Amino acid sequence: MRNLVVVMLVASMLCAASGCDSEDPVRGEPQSCEEDPSVLITFPDPSYGGPYGRVVDFEWVSDTDCEIQSVRYLIMQSMQTDDLLSALNEDPGFFEEYWSRWRSFDGPQGHAIRLDEELGSGFNLLAVQARSADGKMTAEFVDDRNARIFWSRDMLGGPYLSMSENNYLGDLDDYYPASYPGVEFKWEVAGGCRLKFRIEANAEYYGRRVAGYRYGWDIDDLDNWEEPFIDDNEIPERGFDEGEHDLTIQAIDDLGNVGSKTFRFDFIPMTMERDLLWIDDFPSTNVPNPMRTMPTEDEHDLFWEGLCARNAGFDPGVDIYDVMENNNEPPALELLSHYKNVIWTYSSASVSNAWAQMLQQSDREKKTNFLPMFMARGGHVWTLGRSIGSFGGLKAVLPTESRIPSSVECPVEENCSIDKMPFRDYGVTIVDCVIGNFLFGDPMPNRTIERDALYSAYLDESDPVTLAHPDLPATLELWDEITCWYCFFNIRDRGFFYVEVYNPEYWMEIESLVAQDHFHPMFRMRSMNILSPLNHQTIAIWVTKYEDVLPEVAAGPAVAAPSVHMGFPLWFFDHDKANQIADVIFEEWGIKQ
């Protein structure tokens with residue numbers, strides 16, 4: 001009780017300062033109100049939680065069907081605010097002399113109040129009481145509705161700043177959740193790529209509003225920077241051919257407090273003097289595998305080195321990046337900058353998974369996905385591999401708990417600045433597979449591995465990009481070495497499992513979706529059972545978004561061409577036809593010997 005008396009004395013002085021008189025704006029014949037009137041405090045947003053600064057604006061709206069005619073507020077300081085709010089609800093009459101005067105709800109001060117001198121260090125309680133025309137008043141005060149318990153302190157810095165890049169990088173602060181003034185963040189980007197930024201700032205978390213933004217590249221003296229603050233938070237698109245360049249962003253609040261953050265971008269010059277890089281992200285062992293469920297390390301290396309050697313300039317001692325030998329890390333952009341064309345073979349093995357790191361790019365532990373930047377500068381990619389479980393294929397962009405089939409478009413509720421690569425750059429909308437964590441129940445059809453497994457593949461017969469390449473094999477069968485009678489994937493018993501499917505028609509129809517314009521099927525699958533929903537669905541695609549970009553190269557031919565993605569590991573298929581496919585792709589890229 002002694003603490004409460006002290007609180008009452010403080011509140012009494014504050015009330016005297018703000019004028020707690022008995023002015024009553026209620027006039028006229030009262031109308032009956034069936035419920036207690038109440039307001040809802042809308043600013044600052046309660047989800048931010050504070051702490052607030054020394055000067056805080058609070059705003060509220062009606063939260064009742066009753067017509068509110070007047071309001072008043074109470075502000076108190078206490079180290080025991082929960083107890084104070086409980087006391088206010090249990091014995092409101094005890095607090096009557098500490099309320100402000102009543103003010104008209106429709107008047108200039110009826111929906112907001114600025115608190116400054118009333119706020120002390122530590123916890124504060126604000127309560128707003130509403131009164132209807134018939135004299136009925138708010139009887140219950142609830143935190144984050146018509147009351148607010150908050151901490152107040154001297155604020156350091158200004159608005160919280162974040163930034164997104166809308167062409168390639170996405171939400172930059174997903175990589176670095178903490179933000180402090182002056183901290184420098186750094187990204188590597190492909191030289192020549194034009195970046196388009198959007199600033200986001202928030203001062204509401206400490207009770208203020210953002211009043212303006214400014215930004216600048218390579219500012220020499222931030223202390224004497226005289227660029228005016230403006231309303232526009234969009235930064236004009238810009239890029240550099242090479243070198244490190246700093247982008248500083250600032251926001252100012254309505255009291256003049258400034259938040260600042262600097263991002264450093266290292267633009268890697270794209271010389272592209274070499275023809276072909278193979279990224280081996282398909283780890284295995286050399287332990288014999290009689291069931292042929294996986295190639296040995298040597299078998300897989302021999303197969304892909306043979307395909308890559310169909311380019312005369314390929315040097316196995318220089319042009320291979322082995323992910324497992326590089327601590328399971330993706331290659332640096334600096335390595336890719338020397339190449340015109342990249343083959344990336346991946347597996348779903350979680351111990352390696354550099355491919356998944358690249359696709360996810362959504363938090364501090366992941367890597368920037370530089371493949372879209374590489375393609376935007378005229379580079380070509382051929383990506384393919386083993387998809388099973390949650391790690392391989394294009395579904396690696398999805399959360400591990402996602403059920404298949406699933407859209408790879410960024411959900412509206414996540415407020416993404418850009419979509420991930422499978423949707424944005426590859427043209428894929430839905431990802432499905434033979435083995436996965438499937439949806440169940442209506443309208444999902446019955447799915448079984450026995451029906452869905454791949455029997456063989458065949459060339460799409462209608463897509464114009466595919467029709468323009470008549471030298472591709474009309475059919476693509478599993479390799480005899482992996483379909484023997486004792487092999488796991490013999491087509492008599494079970495078919496092939498390591499397959500990812502794109503834009504399956506059954507699910508596109510269920511979801512009323514239409515394929516993107518740059519979705520171009522190359523190969524389709526035949527299932528073990530013709531009743532499978534995966535029968536005749538797309539498992540390999542052309543990537544045409546950047547097909548008209550002519551690269552600027554330091555040596556060799558510069559060719560504008562499409563890229564390729566396959567939802568299966570090619571080693572398991574007929575090797576002669578694999579050579580045929582490589583020849584077509586390499587000829588398209590201008591590197592076939």
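1. Serine 70 sits opposite serine 104 in E4. That's one spot in the pairing of E3 with strand E4 (residues 103–104), which is antiparallel and has 2 bridges. Keep in mind while reading that this is a predicted model.

2. E3 has another partner: strand E6 (residues 122–132), again in the antiparallel sense, with 9 bridges between E3 and E6.

3. How many residues of strand E3 (residues 68–77) are buried? The count is 8 of the 10, so the rest of the structure largely encloses this strand. Buried here means under 20% relative accessible area.

4. Next, the open sheet. Its 3 strands come in the order E1-E2-E5, and the pairing is antiparallel. Strand E1 (39–43) and strand E5 (112–115) are at the edges; each has a single partner strand, so one side of each has no neighbour in the sheet. On average, neighbouring strands in this sheet are turned by 30 degrees against each other, ignoring direction.

5. Within that sheet, strand E2 (residues 56–62) and E5 run antiparallel and are joined by 4 bridges. Look for aspartate 57, which stands opposite arginine 114 in E5.

6. On to the voids. Searching the whole structure turns up 4 cavities of 30 Å³ or more. The second largest cavity holds about 40 Å³ of space. Which residues line the second largest cavity? The lining is made up of Lys340, Asn341, His380, Pro551, Pro557, Ala558, Val559, Trp589, Gly590 and Ile591. Sorted by class, that lining has 6 nonpolar, 3 polar and 1 charged residues.

7. Histidine 380 belongs to strand E19 (residues 380–385). Is histidine 380 buried or exposed? Its relative accessible area is 3%, and the cut-off for buried is under 20%, so histidine 380 counts as buried. A polar atom of the histidine 380 side chain lies 3.3 Å from the backbone oxygen of glycine 378.

8. Now the peptide bonds. Phenylalanine 43 and proline 44 are joined by a cis peptide bond, with omega about -5 degrees. Proline 44 is in the loop between E1 and E2, while phenylalanine 43 falls within the range of E1 (39–43).

9. There's also a cis peptide bond between aspartate 442 and proline 443, where omega is about 10 degrees. Where is proline 443? Proline 443 is placed in the loop between strand E21 (430–433) and helix H8 (449–452).

10. Lastly, phi. Most residues other than glycine have a negative phi. Aspartate 144, though not a glycine, has a positive phi of about 70 degrees. Aspartate 144 is in the loop between E6 and strand E7 (147–152), and its relative accessibility of 35% makes it partly exposed.

11. Aspartate 218 is also a non-glycine residue with a positive phi, in this case about 50 degrees. You'll find aspartate 218 in the loop between strand E12 (210–217) and strand E13 (234–238). Aspartate 218 counts as partly exposed, at 35% relative accessibility.

Notes
Residues are numbered from 1 along each chain as its sequence is written. This is a predicted model: local features need pLDDT of at least 70, side-chain atom pairs count only at pLDDT 80 or more; totals for chains, interfaces and linings use all residues. Side-chain values use heavy atoms; hydrogens and water are left out. On a 1 Å grid over the protein atoms alone, a cavity is a set of points where a 1.4 Å probe fits but cannot get out, and a pocket is an open set with protein on both sides within 12 Å along at least five of seven lines; lining residues have an atom within 4 Å of a point. Grid points are joined across faces, edges and corners, and a volume is the space filled by probe spheres set on the points. Ala, Val, Leu, Ile, Met, Phe, Trp, Tyr, Cys and Pro count as nonpolar, Asp, Glu, Lys and Arg as charged, and the others, Gly among them, as polar. Two strands pair if DSSP finds at least two bridges between them. Axes are lines fitted to C-alpha atoms, for helices over the stretch in contact, and angles run from 0 to 180 degrees between N-to-C directions. Buried means under 20% relative accessible area, exposed over 50%, partly exposed in between (1.4 Å probe, protein chains only). A polar contact is a pair of N or O atoms within 3.5 Å; within protein, one must be able to donate a hydrogen and the other to accept it, and residues adjacent in sequence count only if both atoms are side-chain atoms.
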